[in-house]
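Please consider the structure shown below.

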Amino acid sequence: MRFTVRAASLGLTTVAAVAAYTVPAFAVTAAQGHRPSSAPVFVQTDNTGGNTVVAYDRAADGTLHQAGSYSTGGLGGDLPGTGPDHLASQGALSYDAHAKLLYAVNAGSDTVTVFSVHGDRLVREQIISSGGSFPVSVTAQGDKVYVANTLAGGSIQGYLRVGHRLVEVPSWNRALAISPAPAASANTVGQVGLTPDGSRVVVTTKGAGNSIEVFPLGRYGTPSALPVVNTVPGTAPFGLAFDAAGRLAVAQARTNSVATYRVGHDGTLTAVAQAPTGQTATCWILATSHRLYAANAASASVTGFQDSGHGLTAISSTGTDPGAVDAAASSDGRTLYDQTGINGIVDEFRVNPDGTLTPVGSVTVPGAVGGEGIVAL
């Protein structure tokens, strides 16, 4: 590891018509003699030979210790032209804290896996169709779940959560404004997310349209017929997050910068602030309290910013292993983890009071070269 460099209604007939894959059991390889953790970390391998979620216990100093490995029952994917992140996306693994469910996309199988979370152990509850081609990102809030598919022009698919299972709602499928060809990593979905109040679905489309598409949701979760397309020319919006005040934060891959926006109820965006990272291939972003952290794949670094609501102030850039991609922070805010795709390594950092990062170690995730998707509880 390198070190710090300063610087509409839902009818019963619709539900009944939905088909989902059921699975009788889960596949797991558990570590022997480990202590269950109340704040584990889960990492998705996106392995094309068989997608897996690897569970880790988090020690007091932030270091990780493998606790188990769980098959999703699906296959990972590999988009043409990708480097350290074969999905070229953020949010391939998503946690629903209210329902204690973990959602994983299987890009190579066009499916989504639902796990129930029991400490550091997972139980596979369901495998269900993604409603499109090559799912790369998933988001959840309340009893609504939305998945973004990145090929065949792109789409989102909505689901209703009932207990530990998802019900696909065909009328909640919407096309995205992405050209079907070429299917290169720069012409695909970056991420799907829900605004903090659950009233709008937000999708970044990277270089395909240099746009951030917003679907206002109806009373029952039905997306608007067409998205509000907010064009941000030349920026290639990639990963997204929502800061402590509910503003949208976006990593801009082409300009290597971070930008924040207010999301209007009508789906239009108002720019608030923008700041460069000074790094290369700024694609992933994480919001923690009043800070933002952006991962820079080509520079192998994570750049921190103080987010005042009026502007962004750079903290520092900290070196990672090659190919920094998706990141997650522990719920207590003391530790940050960055997934690096070149060698399938997760780097571990202590978050200091001033927001700088101190490396504390790293783990190699089995079979996770090119993988994407990390969640920290």
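In this predicted model, an open sheet is built from four strands, arranged in the order β6-β7-β8-β9 with antiparallel pairing. Each of the strands β6 (93-96) and β9 (121-129) has a single partner strand, so these two stand at the edges, and one side of each is left without a neighbour in the sheet. On average, neighbouring strands of the sheet are turned by 25 degrees against each other, when direction is ignored. Within the sheet, six bridges connect β7 and β8 in the antiparallel sense.

The largest nonpolar core comprises 35 residues, and Y103, I156 and V201 have the most contacts inside it. At least two residues of this core are supplied by each of β7 (101-106), β8 (111-118), β10 (135-141), β11 (144-149), β12 (155-162), β13 (165-175), β14 (191-194) and β15 (200-204). The largest share, four residues, comes from β11.

What does Y103 touch, not counting residues up to four places away in sequence? Its contacts are A92, L93, S94, D96, T113, V114, V138, A140, V145, R161 and L166. Y103 is also one of the residues with the most contacts inside the largest nonpolar core. Apart from that core lies another, of 13 residues, including V43, Y56, V346 and I374.

Conventions. Residues are numbered from 1 along each chain as its sequence is written. This is a predicted model: local features need pLDDT of at least 70, side-chain atom pairs count only at pLDDT 80 or more; totals for chains, interfaces and linings use all residues. Side-chain values use heavy atoms; hydrogens and water are left out. A nonpolar core is a set of buried Ala, Val, Leu, Ile, Met, Phe, Trp, Tyr and Cys residues joined through side-chain atoms within 4.5 Å. Buried means under 20% relative accessible area, exposed over 50%, partly exposed in between (1.4 Å probe, protein chains only). Contact means heavy atoms within 4.5 Å. Two strands pair if DSSP finds at least two bridges between them. Axes are lines fitted to C-alpha atoms, for helices over the stretch in contact, and angles run from 0 to 180 degrees between N-to-C directions.
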